[in-house]
Amino acid sequence: MDDWLRSAAQRRPDHPAVVARGDALTYAQLDAAASRTARRVAALGVGEGDRVATTLPPGLAFAELLHALPRLGAVLVPLDPRAPLRVHAALTVDAPLDGFEADVELRRRIDPDAVHTIIHTSGTTGAAKPVELTYANHHASATASAENLGVEPDDSWLSPLPVHHVGGLAVLLRSAIYATTAVLHERFDATRVKDALGDATLASLVPTMLGRLRDAGLERAPRLRAALLGGGPIPQDLLDWAAETGLPMCPTYGMTETASQIATAPPGRRAAVPLPGAELRIGDDGEILVRGPMVSRGALARDGWLHTGDRGRIDPAGRLHVEGRLKEMIVTGGENVSPIEVEEALLEHPAVVDAGVTGAPDPEWGEAVTAFVVVRGRTDAEQLTAWCRERLGAHKVPKRIELVDSLPRNAAGKLLRTRLLG
């Protein structure tokens, strides 16, 4: 397999490769910078198979390191700069590299089956786990996404997602494979993202970001042809607003182990369909099982499938409906309750900004459905309880609703459900 960046630089040397903080690198410039960074990393003792950890934020320096390591056969381990994990690595990079460059021969081709990155899961239900993704995994993901969404020569993919999560990293890799432009924001700022959407043709967002863009007054994004929307339940009223505004939202299901998206809905639809090359089925216990060339080999069970831990169903049209985590299912009075179903009901209320639901230990019910809700205005818990009674079965209505200022979410916007109860 050819080096992705070198191929892009040969095809489109003067085309913008990465834009960040108002600065940009063309493919020729990024290619030269990656080779320079590779020689500087080599001068620090890094070689084939070595792990290089980094807490660099989304930006040009991160892109240079990302594309430098394949030229040494080294493995990138991106970490959350706010709370970096302790990992075994030959080198940790927390600032742009300068200094001496080793005189080493850089690789021009890459082994598809070699490990490209080790990315840690988001840790929404427990400790973060390392996932090894190969060049072939990333390439298959990018190819499937291209078949699904198409690729245009002037594509500009906007991402305010962190690069230590697979959703943000995938934007950089896809763009290099396509020889298109990645536009990175170091953090999500609703005003800046709203303005940047005016020039973007593609985007990656999570539902909380889209909600804040609505609150910030986003009215149009004339060039946007698709925006991946994943990482949690999506309120129907948010999708309705996006459709009315002309925003082509594509609800997406994916995870670290699948190198990003593995099922994506057409714009405006809630249910996702598998990407080309991906297979999905539902296990006997309702668990979503997936397999395909984008799935990490180390994540596959003995039966050849990735057991996602998510509960869902596939309708007769082949569309996937995600119903939450199997282990997060609340058992109250002998009845199963999906926290996502309750969250979606709450999020339909016009005053609800955010909602998180979990089961609290209860001597009578075993677990009591408990909701933590962020609201605007003077809406109270009794009103929200009444709202739920009109939309949910009696056993699904929260026994307790607490109004809070914010919910615990990770850098990618995913709800940290295990922290709701403190």
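At what angle do the axes of helix α2 and helix α3 cross? The views below are taken from a predicted model.

**View 1. Helix α2 crosses helix α3.** The axes of α2 (residues 27-43) and α3 (residues 60-68) cross at roughly 70 degrees. They come within 8 Å. That makes α2 roughly perpendicular to α3. From α2, the contact takes in L30, A33, A34, T37, A38 and V41. From α3, A63, E64, L65, H67 and A68 meet them. By class, 8 residues of this contact are nonpolar, 2 are polar and 1 is charged.

**View 2. An open sheet is built from 9 strands.** The strand order is β2-β1-β9-β8-β10-β11-β12-β13-β14. Pairing is mixed. The edges belong to β2 (23-26) and β14 (273-274). Each has a single partner strand, so one side of each is left without a neighbour in the sheet.

**View 3. Strands β8 and β10 pair in the parallel sense.** The pairing joins β8 (residues 156-159) to β10 (residues 202-205) over 2 bridges. L158 stands opposite A203 in β10.

**View 4. Arginines lie over tryptophan faces.** R281 lies over the face of W305, at 4.8 Å from the ring centre. R391 lies over the face of W387, at 3.2 Å from the ring centre. As for pairs of aromatic rings, a search of the whole structure finds 1.

Conventions
Residues numbered from 1 in each chain as written. Predicted model: local features only at pLDDT ≥ 70, side-chain atom pairs only at ≥ 80, totals over all residues. Heavy atoms only, no water. Pairing = 2+ DSSP bridges. Helix = DSSP H or I, 4+ residues; strand = E, 2+ residues; numbered from the N terminus. Axes fitted to C-alpha atoms, helices over the stretch in contact; angles between N-to-C directions. Parallel < 35°, antiparallel > 145°, perpendicular 65-115°, else oblique. Contact = heavy atoms within 4.5 Å. Nonpolar A, V, L, I, M, F, W, Y, C, P; charged D, E, K, R; others polar. Phe/Tyr/Trp six-rings, centres within 6.5 Å; stacked < 30°, edge-to-face > 60°. Lys NZ or Arg CZ within 6 Å of the ring centre and 35° of its normal.
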